[in-house]
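Reader: I've got a chain to look through and some questions about how it packs. Could you take me through it?

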Amino acid sequence: MYDTAIVGAGPAGLTAAIYAGRARLKTLLIESFTTPGQAITTARIENYPGFPEGLNGFELIDRFKKQAVSFGAEFQTGNVKGIDCHCEPRNFGAKQFQTKGSLRRFWRLAMTEGSVDALSVIIASGASPKKLGIPGEDEFRGKGVSFCAVCDAAFFKGKNVAVVGGGDTAVEEALFLTKFAAKVTLIHRRERLRATKILQERASENKKLEFIWNSVAKKITGSNKVEALEIENIKSGKGERFQCDGVFVFVGYIPNTDFLKGALKLDKNGYIDADCDMKTQKAGVFTCGDARKKLLRQVITAAGDGATAAHSARLYVEELKGAAYK
């Protein structure tokens, strides 16, 4: 029986593990083997305080993980299929938790193999790139269609690629692609970028980066690999066949919360509803990071969420064990 089980090993989950470990909670962090975190695939993080020169996402996550391990957090690889509340006559260590004849409840996480029991759960499952939902996107995934420039940019050395999107991620990835590709064309549905000003400035100054405004992707075509992207101008309705060797898609994210349907309250987009203390509507279940309904999704806000979630979980577990400071 763990004091807390953390689902997700991104900045939010790892920070929660650090804080839970320092609080001497018996902590398990469950890391997915099928869904890599967004931070770990980021080429350069330059807005995380303390690293003015910037560093790549893998290095930052590796540092987080080593710190969590140093405070006693345990790690397990696997996918969580669901969570459920249980009330059983279990002896959790020295005591059997009971209050006025009612057994204390705990949470059981159903895994791809077996299950995990914990007095509290912290959901830090993050989010995954959203698809365009157009013909050819799935067919040519891995054959020219990509959702990660850091992973695949080297395959497009000296070639022409298209980037679909206009936010921070799209511009950052487009800039990274210019280190490899002969030409990068960013296709955006509006007349200006949504990305932060400093990224817009870098994009406009990069001679290998071009723009197609007020346009949306309609179809990806090719024979054995990507050969062209069919686009449409949303103002004129005019279609165009844009020749390219690759299409990189960065049009937002979808929270990794399918396993929580029916167990927790989710908003219309699938994000978890929680208060400022990271508490969900279910006692003993907390959340943090990109899976949570929030305004800004960055490494630093994920880390702050993780610290708060772990603190709330500690207070909950101490109250459950009758060890709360009063």
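Author: Let's start with a helix pair: Asp168, Val171, Glu172 and Leu175 in helix 4 meet Leu199, Arg202 and Ala203 in helix 5, where contact means heavy atoms within 4.5 Å. Helices (H or I, at least four residues) and strands (E, at least two) are DSSP runs, numbered from the N terminus. This is a predicted model, in which local features need pLDDT of at least 70 and side-chain atom pairs count only at pLDDT 80 or more, while totals for chains, interfaces and linings use all residues. Residues are numbered from 1 along each chain as its sequence is written, and side-chain values use heavy atoms, with hydrogens and water left out.

Reader: At what angle do helix 1 and helix 6 pack, and how far apart are their axes?

Author: Axes are lines fitted to C-alpha atoms, for helices over the stretch in contact, and angles run from 0 to 180 degrees between N-to-C directions. Helix 1 covers residues 11–22 and helix 6 covers residues 299–320. They pack at about 35 degrees, with axes 7 Å apart.

Reader: Is the crossing of helix 1 and helix 6 left-handed or right-handed?

Author: A crossing is left-handed if the near helix is turned anticlockwise from the far one by less than a right angle, and right-handed if clockwise. Among the residues that meet are Ala12, Ala16 and Tyr19 in helix 1, and Ala303, Gly306 and Ala310 in helix 6. Where helix 1 passes helix 6, the crossing is right-handed.

Reader: Why does Val299 count as buried?

Author: Val299 sits in helix 6, and beyond four places in sequence it touches Pro11, Ala39, Ile45, Tyr48 and Leu60. Buried means under 20% relative accessible area, exposed over 50%, and partly exposed in between (1.4 Å probe, protein chains only). Val299 counts as buried because its relative accessible area is 16%.

Reader: Which backbone oxygen does the side chain of Ser215 reach?

Author: Ser215 lies in strand 14, residues 215–222, and is buried, with a relative accessible area of 6%. Leaving out residues up to four places away in sequence, Ser215 touches Ile187, His188, Arg189, Glu232, Asn233 and Ile234. At 2.9 Å, the Ser215 side chain reaches the backbone oxygen of Trp213.

Reader: And zooming out, what share of the residues of the chain count as buried?

Author: The chain has 6 helices and 19 strands, and its C-alpha atoms fill a box of roughly 70 × 40 × 30 Å, taken along the principal axes. Of its 326 residues, the buried share is 47%.

Key: Polar contact = N/O pair within 3.5 Å; in protein donor to acceptor, adjacent residues only side chain to side chain.
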